[in-house]
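Here is a briefing for a reader who is meeting this structure for the first time. The sequence and the model come first, and the notes follow by topic.

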Amino acid sequence: MFATLRGMGDAPPPRALTDLRADPRLRTLTTLPDLRSAALPVGDPLGGLLPDGLVRGRTVACSGDAAVSLVLHLVAAATQAGSWLALFDDGRVGLLAAHERGVALQRTVLVSPPRDPSSWSSALATAVDGFEVVAAFPPRGASPADLRRVQARVQARGAALVLVDPRRRVPAGQADVVLATRTRAWHGIADGAGHLESRDVEVEVAGRRTARPHRAVLRIAG
Amino acid sequence: MASGPTRVAVVAVPDWPAVAAGIERGDASGPVVVLHAQRVVARTAAAAAEGVRRGMRRREAQAACPSAHVAPHQPVRDRAVFDPVVRAVSELVPLIEVPEPGTIVLPARGPSRYFGGDGPFTALLATAVSAAAHGARAGIAVADGRLAATVAAHHCAGGPPLVVPPGGSAPLVASLPVSVLAEHAGIDADAVSLFERLGIARLGDLAALDEAPLVARFGPLGADVRRLALGDDRHPPLVADPPPERTFACTFEEPVEDQRAVAAACAPVADELSAHLAAHGACCAQVHVSIATDHGEQSDRLWYEPAGLSAAALVDRVRWQLAEWVEGRGPTSGVVAVRLFPVALRPLAGGQAGLWGGDARCDDAAVQASERLVAMLGAACVAVPEWRGGRDPGRAFVAVPVTAVDLRGRAASPVVPREAWRGSLPVPAPSVVLDDPPEVAVRGADGEPVTVGGRHELSGAPSCVVDGAGEWRVLAWAGPWPVEERWWDERRRRRMVRLHAVLGRDGAAPQGVVLALESGRWRVAARFG
């Protein structure tokens, strides 16, 4: 044991921290844009549809009649992994449902969105600065330019933007990924018995970052 | 390094909201009572003489003094009526602090020397104030430390100014009851009441205790009250060397007239100031904000916060000062420069979040973004969900403004409902809740409206739902889930039944909804969107 200790003593002394800071090889590390992982996790049942997860800097739009429920499933895993969620919503989203789908409400901030589209986009841009996931309903009259402003900030900050778009206000081609939903059937309920338990939702994945549109039927809770 | 409390002068008009309401009516001396949330928050001396106290209910106050004019609490009026007083004082001393309407705090050392001593200085102040405040009972005092000066000013309201000689503040403070901490130093009333129950009646008793047990029992509050009891300032003095002085200014090439734009431009400067101080383990307890316009007008104000001013709080102060300036006299041109000078520093406290999981950097960013959103949209628009419970899926969580919670501390523990309430709807909960749900008609197969009997049984199976957009077929339904709440309370009791239903019509996807029947009306209370 003493031999090994003595052996270590023969090695050159470790360089002081200041030397290390001056090392050009280390300097390059700090110039790397971002050491965070490139994507935020997405859990079941959507994991199969978005194998890359929620990619930072990109916009996902959910449309159709199951949009709200799908968005809650979409952001749940990321919030559980430590990301903060800013939810721009005027009280429509059922928070109990969000909790049941796994959204970490302790890291969720609810923002009442301004009505006019230009203040909406500047509020969203502010949120993107600090929140890793921002979910919002596009307001009536939002122009592609309003959305582009937010998207530019999303790309710069490496956040993920999720647009809840049941009324299909987001123009085609503006979102990187579009998840168009349509409920096929409900399960667990009969005439006067059981309760609404789960449903089959047909999801069509499209958008400018999707190589080839494809569709799948998912069984989701509520 | 400065030690000991600073010598300050305080101008205080006790019960300013009531005095302001009286001045606005044109009757500065009559009895006026100001109510907020049905409780008396301020009353004039005339009303106090009749036995009206703060915290009384409206009925009690009116019984004690039937002739009193009852006014609602209006902070805007308080500020507007106080503006002439602020102007009169700032003509004597340019740099003052207005912690709330009715109180002015100003550094006393320089002005006293200039005007020839505390006596002549306070006499000048008294003349200026009494002219501007329409003869209201103002108190003026000079002492070492804010607490002593504030208490003395309230004590001598309506009389000649009071000058506590240098070094005389500590014995004065020691003789005061601990209740002054809640009244004049912003200490939590519950803590003060606990001191009283522990047998600590006077601040002198508190000052006689060692700091260690006080901090062990009350945390940072214990250290704060001990400093106050010793006659010192509430914020702890900086023990390390102060950081090198730097100017933090935000200048504009073109005059800016939009208040929000000015505040937004100050945000990076405030961030820089906070970061500069934080690098030296300090933060700002008092800041001098100076705003200049293109026409050479200038607004200077001091802002104090014993807990320290964060970057967002600094921006708030700039915004408030600007708004007040515009509301009052008003600058005649756009803003060309905003300067921030840290006046008093305190050691940086806290900010060590993220110990219990979560990414501290991520938490900080989110907290800062929330602060910016509050500044942008207002405190009511940025909220966090807090579990409340109940049988209504739309009301299981209540939105609490972020300004009222500690966001970092919150992130550490989940906001989990403990257990489901009896009688609540089965899991999963609907993803869209409707605040003001539209009324619908629910009919059975025979075309008759579906009703509910005394034992919550349906008159028949629902077969179609008619809303504003047309008729929906009921493809499936389940329930009912009845709710009987507060049946003992005539006014607040609630009786309703809920159904799950799947609605469909040609060309539309089957829609899951929650139908609710209350007071004979069916509504779509929530949807599975």
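The secondary structure of chain B comes to 17 helices and 21 strands, where helices (H or I, at least four residues) and strands (E, at least two) are DSSP runs numbered from the N terminus. This is a predicted model, in which local features need pLDDT of at least 70 and side-chain atom pairs count only at pLDDT 80 or more, while totals for chains, interfaces and linings use all residues. Residues are numbered from 1 along each chain as its sequence is written, chains are lettered from A and ligands numbered from 1 in the order in which they are written, and side-chain values use heavy atoms, with hydrogens and water left out.

**The two chains**

- The C-alpha trace of chain B spans about 95 × 55 × 55 Å along its principal axes, and 46% of the 529 residues of chain B count as buried (buried means under 20% relative accessible area, exposed over 50%, and partly exposed in between, with a 1.4 Å probe and protein chains only).
- Chain A has seven helices and ten strands, and of its 222 residues 51% count as buried.
- Among contacts in chain B between residues at least 6 apart in sequence, 57% join residues at least 24 apart, contact meaning heavy atoms within 4.5 Å.
- In chain A, residues 24 or more positions apart account for 65% of the contacts with a separation of 6 or more.

**Nonpolar cores**

- The largest nonpolar core has 46 residues, of which A:L54, A:L74, A:V103, A:V162 and A:L179 touch the most other members; such a core is a set of buried Ala, Val, Leu, Ile, Met, Phe, Trp, Tyr and Cys residues joined through side-chain atoms within 4.5 Å.
- Helix 4 of chain A (residues 67-80) gives the most to this core, with nine residues.
- Apart from this core lies another, of 33 residues, among them A:F88, A:W120, A:L147 and B:L407.
- Not counting residues up to four places away in sequence, A:V103 touches A:L72, A:V75, A:A76, A:T79, A:L85, A:A98 and A:T108.

**Where the chains meet**

- The contact takes 56 residues from chain B and 54 residues from chain A.
- Chain B and chain A bury about 4,100 Å² between them, 67% of it on carbon and sulfur atoms, buried area being the accessible area (1.4 Å probe) that two parts lose on being put together, summed over both.
- Across this interface the rule finds zero salt bridges, a salt bridge being a side-chain nitrogen of Lys or Arg within 4 Å of a carboxyl oxygen of Asp or Glu.
- Helix 16 of chain B gives the most to the side of chain B that touches chain A, with eleven residues.
- By class, that side of chain B has 43 nonpolar, nine polar and four charged residues (Ala, Val, Leu, Ile, Met, Phe, Trp, Tyr, Cys and Pro count as nonpolar, Asp, Glu, Lys and Arg as charged, and the others, Gly among them, as polar).

**Two buried residues**

- A:R101 is found in the loop between helix 5 (95-100) and strand 5 (108-111) of chain A, and A:R101 is buried, with a relative accessible area of 8%.
- Leaving aside neighbours within four places in sequence, the residues in contact with A:R101 include A:S69, A:H73 and A:G222, as well as B:P428, B:A429 and B:S431.
- B:A285 has its place in strand 10 (residues 282-293) of chain B and is buried, with a relative accessible area of 0%.
- The C-alpha atoms of B:A285 and B:G308 are separated by 4.5 Å, although the two are 23 residues apart along the chain.

**Salt bridges**

- A search of the whole structure finds 26 salt bridges over all chains.
- B:D118 forms one of them with B:R7, the closest N and O atoms being 2.8 Å apart.
- Because B:D118 lies in helix 6 (residues 118-132) and B:R7 in strand 1 (residues 7-12) of chain B, this pair ties together parts that are 111 residues apart in sequence.
- Both partners count as buried, B:D118 at 17% relative accessibility and B:R7 at 10%.
- B:E24 forms a salt bridge with B:R77, with the closest N and O atoms 3.9 Å apart; B:E24 is exposed, with a relative accessible area of 53%, whereas B:R77 is buried, at 7%.
- In chain A, a network of salt bridges links A:R184, A:E202, A:E204 and A:R215.
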